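Trainee: I'd like to learn how to read sheets and a ligand site in a structure. Can we go through one together?

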Amino acid sequence: MPVGLVPTMGFLHDGHLSLVDLARRQNSSVITTIFVNPTQFGPQEDLEGYPRDIPRDLELLEKRGVDLVWIPDREEMYSKGFQTWVTVDDVTRFLEGKMRPGHFRGVTTIVAKLFNAVMPDKAYFGQKDAQQVVVLRRMVMDLNYPIEIVVAPIVREEDGLAMSSRNVYLNPAERQAATVLFRALKTADQAFKAGNRDADGLKRIMEEIISSEELANLQYISCADMDSLEELSGQVNRGLLSMAVFIGKTRLIDNILIGI
Ligand code: AMP
């Protein structure tokens, strides 16, 4: 009687719900957690302002047939004097891990705690957070968790913007500008499919498109090995194209896998 776990930070959208639907199809019981995990936010990040709407989330989850929603409070997860962490080394050094020091320590610690409490057979994560998937797969292997990590594709708005709880921060002009991330990824993907296999060339294509959007400020752009997450150079046969871009004050990430 398999149990599926879908960890979230709430303010649910169709990306989250696609994970729930997948879990519903593959398990006899589905548990969703909603927890805005403070330890994965940096001191300058949006922990307190992070959007929340628990009544709406519960309604959506009930409609999707979730069996149990667990909404721990902060004290339950991080008791006074908390000092035990789960860290994953190499694959957290790049990309998001480099830009957001301590972020993945927070992620791996909370996910390990959720795994310990729920003991699911399968756990569901989105390709939207590509590095998170790599890091959590590593953690599951290294700590011998008997849990299968299931990854679901990125759910996008009609104009290509990857769904994210943080998209509510965008004003109308920024919302329009935010389509630039997927446009850049798609153009690089098309170039790759047309035979342009040079990692730096692909990054340049994306950079040019991002810099053509006035409201966009590129933080990083990457063409990385999809397993080790090390940056690639020269000719590539497959890889993970990813980026973080500020649209106004809002930091957005997106990615696409090429050559698979
Ligand atoms: P969050 O609430 O942002 O922590 O996300 C919870 C889970 O939903 C994570 O595994 C995310 O990768 C996944 N997720 C978030 N946005 C999307 C999306 N647009 N498509 C697919 N999965 C997503």
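Mentor: Let's start with a strand pair. Strands of a sheet pair through backbone hydrogen bonds, either parallel or antiparallel. In this predicted model, strand E7 (residues 239-247) pairs with E8 in the antiparallel sense, over nine bridges.

Trainee: Which residue in E8 is the bridge partner of Ser 242?

Mentor: That's Asn 255.

Trainee: And what is the order of the three strands in that open sheet?

Mentor: Read across it and you get E6-E7-E8, with antiparallel pairing. Strand E6 (216-224) and strand E8 (250-258) are the edge strands, so called because each pairs on one side only. Ignoring direction, neighbours in this sheet are turned by 15° against each other on average.

Trainee: Which helix lies across E6, E7 and E8?

Mentor: Helix H8, residues 180-193, lies across those strands and runs at about 20° to E8.

Trainee: Now the parallel kind. What is the strand order in the open sheet of five strands?

Mentor: The order is E3-E2-E1-E4-E5, and the pairing is parallel. Here the edges are strand E3 (68-70) and strand E5 (148-152), each with pairing on one side only. Neighbouring strands are turned by 25° against each other on average, again with direction ignored.

Trainee: Over how many bridges do E1 and E4 pair?

Mentor: Two, in the parallel sense. As an example, Leu 5 has Ala 123 in E4 as its bridge partner. Helix H1 packs on this sheet and touches E1, strand E2 (29-34), E4 and E5. The direction of H1 makes about 155° with that of E4. Helix H2 (residues 54-63) lies across E2 and E3, at about 165° to E2.

Trainee: Let's move to the ligand. How many residues surround the ligand, and which are the closest?

Mentor: To read a site, list the residues around the ligand, then look at individual contacts. Here 17 residues surround the ligand, and the closest are Met 9, His 16, Asp 129, Val 155 and Met 163.

Trainee: Which elements each supply at least two residues of that shell?

Mentor: Strand E1 (3-8), helix H1 (14-26) and strand E4 (122-126) do. The largest share, three residues, comes from H1. Sorted by class, the shell has nine nonpolar, six polar and two charged residues.

Conventions. Residues are numbered from 1 along each chain as its sequence is written. This is a predicted model: local features need pLDDT of at least 70, side-chain atom pairs count only at pLDDT 80 or more; totals for chains, interfaces and linings use all residues. Side-chain values use heavy atoms; hydrogens and water are left out. A residue is near a molecule or strand if one of its heavy atoms lies within 4 Å of it. Helices (H or I, at least four residues) and strands (E, at least two) are DSSP runs, numbered from the N terminus. Ala, Val, Leu, Ile, Met, Phe, Trp, Tyr, Cys and Pro count as nonpolar, Asp, Glu, Lys and Arg as charged, and the others, Gly among them, as polar. Axes are lines fitted to C-alpha atoms, for helices over the stretch in contact, and angles run from 0 to 180 degrees between N-to-C directions. Contact means heavy atoms within 4.5 Å.
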